[in-house]
Structures are given as C-alpha cells and as structure tokens.
6 protein chains.
Amino acid sequence: MPVIQVTLIEGYDEATRRKLCERLTDAAMASIQAPADAVTVAIMEVAPAGYMRGRMPKMPGAPVPPPAALCLDFLAALEARELDRAKAMIAPDFQMTFPGGAAFTSFEDLLAWARPRYQRISKTIERVEEALLGEAVAVYVSGTLQGERPDGTPFEGVRFIDRFETQAGVITRQEVWNDMGELGLSLS
Amino acid sequence: MPVIQVTLIEGYDEATRRKLCERLTDAAMASIQAPADAVTVAIMEVAPAGYMRGRMPKMPGAPVPPPAALCLDFLAALEARELDRAKAMIAPDFQMTFPGGAAFTSFEDLLAWARPRYQRISKTIERVEEALLGEAVAVYVSGTLQGERPDGTPFEGVRFIDRFETQAGVITRQEVWNDMGELGLSLS
Amino acid sequence: MPVIQVTLIEGYDEATRRKLCERLTDAAMASIQAPADAVTVAIMEVAPAGYMRGRMPKMPGAPVPPPAALCLDFLAALEARELDRAKAMIAPDFQMTFPGGAAFTSFEDLLAWARPRYQRISKTIERVEEALLGEAVAVYVSGTLQGERPDGTPFEGVRFIDRFETQAGVITRQEVWNDMGELGLSLS
Amino acid sequence: MPVIQVTLIEGYDEATRRKLCERLTDAAMASIQAPADAVTVAIMEVAPAGYMRGRMPKMPGAPVPPPAALCLDFLAALEARELDRAKAMIAPDFQMTFPGGAAFTSFEDLLAWARPRYQRISKTIERVEEALLGEAVAVYVSGTLQGERPDGTPFEGVRFIDRFETQAGVITRQEVWNDMGELGLSLS
Amino acid sequence: MPVIQVTLIEGYDEATRRKLCERLTDAAMASIQAPADAVTVAIMEVAPAGYMRGRMPKMPGAPVPPPAALCLDFLAALEARELDRAKAMIAPDFQMTFPGGAAFTSFEDLLAWARPRYQRISKTIERVEEALLGEAVAVYVSGTLQGERPDGTPFEGVRFIDRFETQAGVITRQEVWNDMGELGLSLS
Amino acid sequence: MPVIQVTLIEGYDEATRRKLCERLTDAAMASIQAPADAVTVAIMEVAPAGYMRGRMPKMPGAPVPPPAALCLDFLAALEARELDRAKAMIAPDFQMTFPGGAAFTSFEDLLAWARPRYQRISKTIERVEEALLGEAVAVYVSGTLQGERPDGTPFEGVRFIDRFETQAGVITRQEVWNDMGELGLSLS
C-alpha cells in the first residue's frame, strides 16, 4: 500500500518521468505483496532555484536512453549488416560470447565465424526484459531464430536468448545461447 | 538527483525494507543518469491507526519472498532430487522448456528425458538477476554445467542460462538454454 | 498543530482546491483542539506524466459541484415553480418527506398536497450546513417561512429545517420539518 | 486520487487519529469525484523534540471529544432526567429553542413548558450527522418520538430533528423541530 | 544526511529561494557533522489557491533584503558622506557605539566626534558574516582601516570590526571596535 | 509561511534535533519576512533499515558540538589558566590575533605578552552569536573587561569583542578587539 513520492529537479521529459513511475511501481510490487492499484507514485518537480545538494544548485542529469530500446536497435543494425551503426552503440571494451563459448570483440571476427554456419539468419523476438543492476542494466532478449543453412536448408523456430549488459547508454557485453546445436544445426 | 520517499504502513521486516530501498534506487538510476550517491531513499513508516485507504484502515501486505532466492532454492532442491520440496515451490500450471524445445509439466517426465543424456549434472551459478514485470518477476540464472555423460565421460564449463517466472511466491515457468548440443554433448 | 499536505494531480480549478483546503482545515479542527491558525494546508500539484496509481497514469476526477449550492438552487427553482429546472437536479429515485410524514416522489403530487395549505409560501434562509457522509453529503437548510394561508391570512417567522441528501451532483432525498402545525397553521 | 499526509506531533490516541483520517477522507471525497479507494491518508507522527512552530516546541492539542457522542450523551441524560449530568455538558450561554419558537436557557423552564404537553416522551434516533463549522461543530440528530400525552393517549413515530451546536467540548445551543403540532399532538 | 523540504507559497524570486536553500544547508551542517554533499534541500512551491493557514489563503511574505548587503551599502554611504542615503537605512531608534564607548544617535554628532581624530578614513573590508537571531540579524564586518590623521600622518592596516543589528530591512544598531587606540592613533 | 520538513535518520539526541529546528527556523526568518509563528519545522525520523543514499545504508553523522558552548568553555579555561584544557579545544594550526595585531600560536607566548599589560583580567560576557559558514562556524563573543593593571589600578567596563572560528568541534582561530588602547590602558 505504499505511496512513493519523488522530489525531482524540473526538466526531465514526459517519457522519462513515466518510465521512472513504472519502474518505481515495479520496485514496490516486487517487494511487497500489494495489488498494483495500491501503489501510488507521484513526482514533485522542483525549480532549479529551489534545489541544492552540497550547497550547490544542480541541473537535471541526462535521461538514460532506455536500455531495451538500445539493444533492439543494436540487433536490428547487426541483422541489417549496418556495422557502423552497431559500432556506435557499443563500449570500447565490448565483448560477445556465442554458443560453444566462442568469444569475439570485433564484428568482423563474428561474421567470419558465422559464415560457414548459416547463409542467412534472423530473429523473431518474443520478449525483452530489463534487470536493473545499479550502474548497469542487463537486457534479456529471447524468441526464435529462422534462416538458411549454408546448403540452403531452411530452419525456423529455434529458441534463442541474448543477454546484453548496458551502461551509460552503450552496450558493454552480449552473450548468446540458442538451440542450434541441440537441433543439429551447428557445425560441431 | 532524486529523493525518493515512501510512506509505508509499519510492520515490514528490515530485510524487506532494505530490499525495497535498493530496488527504488535501481529504478531511479536506470531512468536518470545520476551517480548512485545522488539518490536518497527514505521510508516513512506510519502506524496502522494513522493510515487509511478507501476510508478503511489497512494492514501491511505480506512481504514478497525474494524471487531470486526462491529460484536458487528450487534449483538446489532439483539437483538434490528432493522433488517434494521442489514441488512446493511451483504453481499448479508450472511448465518447463528445455533445449530443443522439450516441454514438461512434471518432474518425473523431465527426469525420464534427462536419464539417457547424462548420469550426473550440476550447476555452477555465476549470476542471478531479476527483471521486474509488475505482478510477476523474471529471474535469470546463468553459469556453467558440469557432470558425467551416460558413458562416464565427464564434462564441465558448459554455458547455461535459465529463465524463471515467479508470481505470488511460486514459480510458474522455467526455460532452459545451454551449450550441450553445440558441444556435441546432447543426444541429437 | 497539524500540517496537511495533499498530493493532487494537476487540473482542478481554483474554487475546488480552495474548498478542499477549507474542508481539510475543518476536518483537523473538529478532531484536535487546535486554533485555526495552527492548521496549515498545502496542495502539491503533480503533472499527469508524474502521477501513477496501479502503474497507470490518471486523470483528475471531476470536481464535485458544491452540495450546498445545489440545494439552494433547487429551493429557488421550486419556489419559482420552475419544475423542469428542479427536476434536472434530482436523482431518479428522489423522495420528499414533509411534516406529518407526507411522502412524495413527484413535484406535482407535492403541489397538490400544498395547495389547500397555503396560497403562497417562501423561505428566508438563515443557515446552510453540510455534513460529509463519504459518498454522499447531507445539506441542512434552516430559517423561517412566510406566506399567505388559503384564506389570505399572512404568516411569517415560522421556523423550518430541510435536510437534503446529495450524491454525485444530484439530490436523492429531501426531508422537511417546520412549525406550521405547532402554530396552528397546518390543515390538521 | 489525492494522497493526504498529515504531519502531527506524537501523542494523540488511536481513536483521535482514526477519526481524523476518516474526516480527511470525507473532505476529499466531498470535493473531488473520486472513489473512496483512491483516497489515501497517512499521519506522519513527529517526536516533540523534532517539532517547532514559531521557534517554540509544541505539545499536542487536546483531542476534541467527538461532538456526536457528546450530543447523544446529553439527550440520554435529559431523557433520564439527570439534569446535573446534562448541565455539565453545556456552555454557560446555552440556549434551547423548541417547536413554535419557545426558547429556554434552563432545563427547569423547559420541563415546566413540557409538563402539560406530554406525560412521557422518548426518542428513537435514526441518524446523527456532524457539520464541521471551523471552531464549532453542528450535530444533527433525527428520528422519531414516542410517548404518552397528559391524558394517557400514547403516540409514536412522530418525526423530529434536533440541531446542536458544540464548541470546545460543550453544547452551546439546541434547536428542535418535530411533527407534534402537525399531528395535532401539541397544545396549540 | 538530511533531506530538507520546504513547502512555500509561489511567488518568491530566485535569489530569495537560493539564499533560503543556502541558509538551510548551513543550518544542517552546523548541527550535524555531515559533508555538504549529504545535505539536500528542495523547495516545493504551492499555488496560492492550494495554500491555507488558519483556514485563510495567504500571500507570500516580502523577501527580506539581505542584511549583509544592507550594511555594506550603509558603510559606503557613510564613507561617501551621503548622509541622507545612510539615514534611509536606519531605524528611528538607531544607535552607534564607537571605541571608548562613545555613543551617538545622529551622524552629525558622530562626525563632530571624528573630526579631530582623522582627516580622512576608509575601510578595507575583509569579511562580512551574518548571525541569525530570529527576528533580527547581526552583521559582522571586519577588515582594516586606512586614512590620514589631522596632522597629515597617514595610517593603514589598522584592524577594525563593526557589529550591526538589522531588523525588517533597516539597521537598528552599530557597534565599532578598532586598534586605533592600541596603536596610539586615537585622541586619548 | 514556510513548512520545513527534515527527513533524518534516527539516532540524533534531543538537543541536536531541537538546535536543528531552531536554526532552520532562523534560516527561514532571515530569508522571508514571516512572523516566527508562521514557520513550522518538523523532523521525520527514519529507521536505518529505511534509509539509503548511494544504494548504501547510512548511519547518523556525529552531532556537531555547539560552537558557542565550545568557545565559552575555551574562554573559561583560559581565564582559569587551565592551559591543558584549553589546548584540547584547539586545532593544530590554531592562531590568535590580539589588539595591535599581535599574533600568537602558543598560549605561553600570549601570556608573556599579556603579563606587563595587566595583572588580572576577566570578561563579562554580554552576547554570544554564531555565524554559519558552511563547514565552519564563526562565534562572536562580546561584552566588557575588568581587571587590574600591573600597578594595581583597577579597570572595568572596557568593551571587547572576540571572533572565533570553529570547525569539526575545535577552534581554529581567535581574533580579539577591545578598547584598552582607546582608554589609555594598553602599553603603547
């Protein structure tokens, strides 16, 4: 039955404030067995001239670009082979781990590894979920894969899950699991 | 730079209140690019005689058992083959999906499926993360598998990830991905 | 010595907010023996993008038309024999009870009952008071009656009191007491 | 959808705090067309060492004895002819007005006036409602009268309404209307 | 680690609100050994229609002209011999006390007393500090004096301190101490 | 007309909380021309399990020993020639400046300087005022001196003022002005 009140400096856009309200509601519901209806969230906005921390006026922090949207955008760029666009979304120490433990730091290496495995591959995304980790946010994307093997055999409905780690608006890490091997669709 | 104040009826234990404070901090940090240090959370506890919603006094809702702990406990029960203990943690419509899409609703069916695949299997858990979904919480558990194949060949370091969905203190769904197939360790 | 703070979604007009402040002050003064001066009320208005209950944005509820004004308006319409105007202010199950227990649901029946009792009657209103009943509000109107009996004899200064019950902007019930009988001015 | 938070110095008993919560809920519901369920009230109690107004510590004001209970108690005392008990509940300038405008300041005068009117009279109370007037509270008591006329004729079901005005724990004024005259039960 | 929230009626200018935030921060830091960074101040501004004390709407009080600026302005006016300007800044019962206990209520008397002491004198101000006294504010100004004695001998670096008392925008009192006597620069 | 609410972790003693309330009242009164009566301060105490900054629980900071009391205590120790007690109240870089600009860092040097000036000296303290400077607090002590000159001549009523600077519970600096020179009581 909690009431959650947030004192926030003026200047955040509506989408950011709504997202904050949703996440605070979720935080309460995950902690206390309350019906959603019993959780009230209100943001009290304060003018900059009426806000001080450490005896200093403050400016609103930058809104955090939604990590889920970032990762979906990244997957779309990769599927479209727009590598430059994808590169703009990753941290300098970005790292990828694929089924079987294959690890890459460059998209070029990844593509070389993938070439003998499938001619074409795309994702049907069923679920995108965020786990908040303090400074970082993990984004879990799951669904099914479809495509064509090098010999032209099509495949579809292959379960996959990706875990991304994002921080400060970029992706620092991607890990991939799928059923390609289980279904005899991998190289091994 | 937000200050988050929660008005809460008295009676929640310390662990629940601390967890709530952490989750609210995470909710703010995931929404606004603020250093952790700039996020203050305070719970103002209110005596039952000073709390009304709908012109009716209220009691504290039950604390929600931490979903992460529930899922780890479930995995431990399963690994120890304590099926009754595991059954006490699942919802009536509980469903499991394993690599290759194998779906089960009973542990007995699962064990029958697993028997020809490995003699012994256990998990080294590296990461447990919660994604808050409103009424439900998804718990992602990942790490590596080790064990022995039916012919006695040992294996280890096999990447896995489990996604659980929990609601109202029980597990409603488990989905599993791993590299067994990719590494030629599956039946297929 | 209470401070009363109301978190309210933006969009209520000034009159509604002032009325709310007055009623909250009265609620405090009626409960705690504090001088008016010690009661502070402040309404913190929150933008719709910063307000959620049940994880859903909310709109301001409609302001409640002041029940006292509604009842005075109704009495004026009735005195002016503007029956259509009066009918627009009553609920479908509206009921009137007059001295001696005479009960009516239509104005026409009421007028037929009144015709042999007085040629002309009007009210001098001295006091209008509201009792808040949760969903409903009772309005008490009292003062004196003046008019002319059927035989032309004038009368004045006859004490009366009306109790109205209002809900959701309409009148559901009217009860009337007066001294007409006591003073030998009634039919009986 | 208002949240009402009251900052109150510690020390008020539970009944007073609950009553305050109810009255604040009523104040909101009478002003804004919100379902009761959408009104949350919370009293934040503050230790005396953490409360100052006018740079001075404060003590909790005396709770106001519920005016409705006071008036019912007064009526019971009067009906039982416990005049001393009734006198302890009235202000020095207490005044009563009865049907026909008969006004009294002493119970003895009232009883002298009533004696030729009825041998015995008692009230069946159907409704007690408070109207908050700032410093004062009006209490409306209504229902029916039953008793015996001086000649032994019984009567019952006679509609009555009393309006009391209370302030600072005592009754300052009582006004009475009833259907005795209308029903030919009065002297006139 | 305190969070200080001020509910303030709308209408104070930015400078006043910033000054208030600074002073509240100082009040916390002087009372609790907290790093400045741990003190958050937020002013929640409330529209006049949403503010009542004593069941009456309120207007913002006049901002208090900063006492330090007032006293510096007064010293400048005096040094420039703009006596009318200085007179506009003092209360009717203004009083000055100078080294040796010389007390004056008029600038003319002061100047007569000063004439044989120095031909010319001016202040180098090093520090201006305010002590808040409730209704009044004391302003301490200290630094060094320089000038010329009647015989033309120059002097400089002579320590002085002035204490002013201000209230409601005017100066009620000035007290002066300095090292003129100690250094053999006074008449005595 | 401000309401000042402080969210504070539980555990500060009553004296500290009262002092904080007084200082916050003063901060408001010095900024806004409000009567003291219109300033309400309330400290909402929060249990440690319900308080987090930077996603970490916090402990109450140490209360700051009242700077005014510290300086008076220091003056008493010095007057009683309890040099060890006085030394315990000063910072390592403590510095004193006396009339004429005489500067000392050790009490022994100070006493050597004072010996030829007066045989005995004591203070009558009339006023102690604090100016809050963020991390530091300046304390102004003023009144009159009395004592005996080396030749046995008594003196009294000599105006003095001391400015102390304190930080983190110790005195970092003392500056002294008085009328000894002006009155021909100094050596010069």
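How many residues lie between S9(E) and S10(E) in their hairpin, and which residue in the turn has a positive phi? There are 2 residues between the strands, and Ala168(E) is the one, with a phi of about 55°. This is a predicted model, where local features need pLDDT of at least 70, side-chain atom pairs count only at pLDDT 80 or more, and totals for chains, interfaces and linings use all residues. Residues are numbered from 1 along each chain as its sequence is written, chains are lettered from A and ligands numbered from 1 in the order in which they are written, and side-chain values use heavy atoms, with hydrogens and water left out.

- Strands here are DSSP runs of E with at least two residues, helices are runs of H or I with at least four, and both are numbered from the N terminus.
- S9(E) spans residues 154-167 and is mostly covered, with 10 of its 14 residues buried (buried is under 20% relative accessible area, exposed over 50%, partly exposed in between, with a 1.4 Å probe and protein chains only).
- On one side, S9(E) pairs with S8(E), residues 136-148, in the antiparallel sense over 12 bridges (pairing takes at least two DSSP bridges between two strands).
- S9(E) also pairs with S10(E), residues 170-178, again antiparallel, over 8 bridges.
- Glu165(E) has a bridge partner in each neighbour: Ala138(E) and, in S10(E), Arg173(E).
- The S8(E)-S9(E) hairpin has 5 residues between its strands, and Gly152(E) takes a positive phi near 95° there.

**Asn178(E)**

- Asn178(E) sits in strand S10 of chain E, and because its relative accessibility is 10%, it counts as buried.
- Its side chain reaches the backbone nitrogen of Met180(E) at 3.0 Å.
- Leaving out residues up to four places away in sequence, Asn178(E) touches Pro99(E), Leu145(E), Arg159(E) and Phe160(E), plus Trp177(F) and Asn178(F) from chain F (contact means heavy atoms within 4.5 Å).

**The sheet that runs across chains**

- Eight strands make an open sheet with mixed pairing, ordered S4(B)-S3(B)-S2(D)-S1(D)-S1(C)-S2(C)-S3(E)-S4(E).
- At the edges are S4(B) and S4(E), both residues 56-57, each pairing on one side only.
- S3(E), residues 51-53, and S4(E) are antiparallel over 2 bridges, with Met52(E) opposite Pro57(E).

**Chains C and D**

- Chain C superposes on chain D with a rotation of 180° and 0.0 Å of shift along the axis, at RMSD 0.1 Å (least squares on C-alpha atoms of residues with pLDDT of at least 70 in both copies).
- The two copies are thus related as by a two-fold rotation axis.
- 100% of the interface residues of chain C are also interface residues in chain D, so the copies meet through the same surface.
- The contact takes 71 residues from chain C and 73 from chain D.
- About 5900 Å² is buried between chain C and chain D, with carbon and sulfur atoms giving 54% (the accessible area, 1.4 Å probe, that two parts lose on being put together, summed over both).
- The count between these chains is 6 salt bridges (a side-chain nitrogen of Lys or Arg within 4 Å of a carboxyl oxygen of Asp or Glu).
- Glu182(C) forms a salt bridge with Arg117(D), with the closest N and O atoms 2.2 Å apart.
- H1(C) supplies the largest share of the side of chain C that touches chain D, 9 residues.

Technical notes. A polar contact is a pair of N or O atoms within 3.5 Å; within protein, one must be able to donate a hydrogen and the other to accept it, and residues adjacent in sequence count only if both atoms are side-chain atoms.
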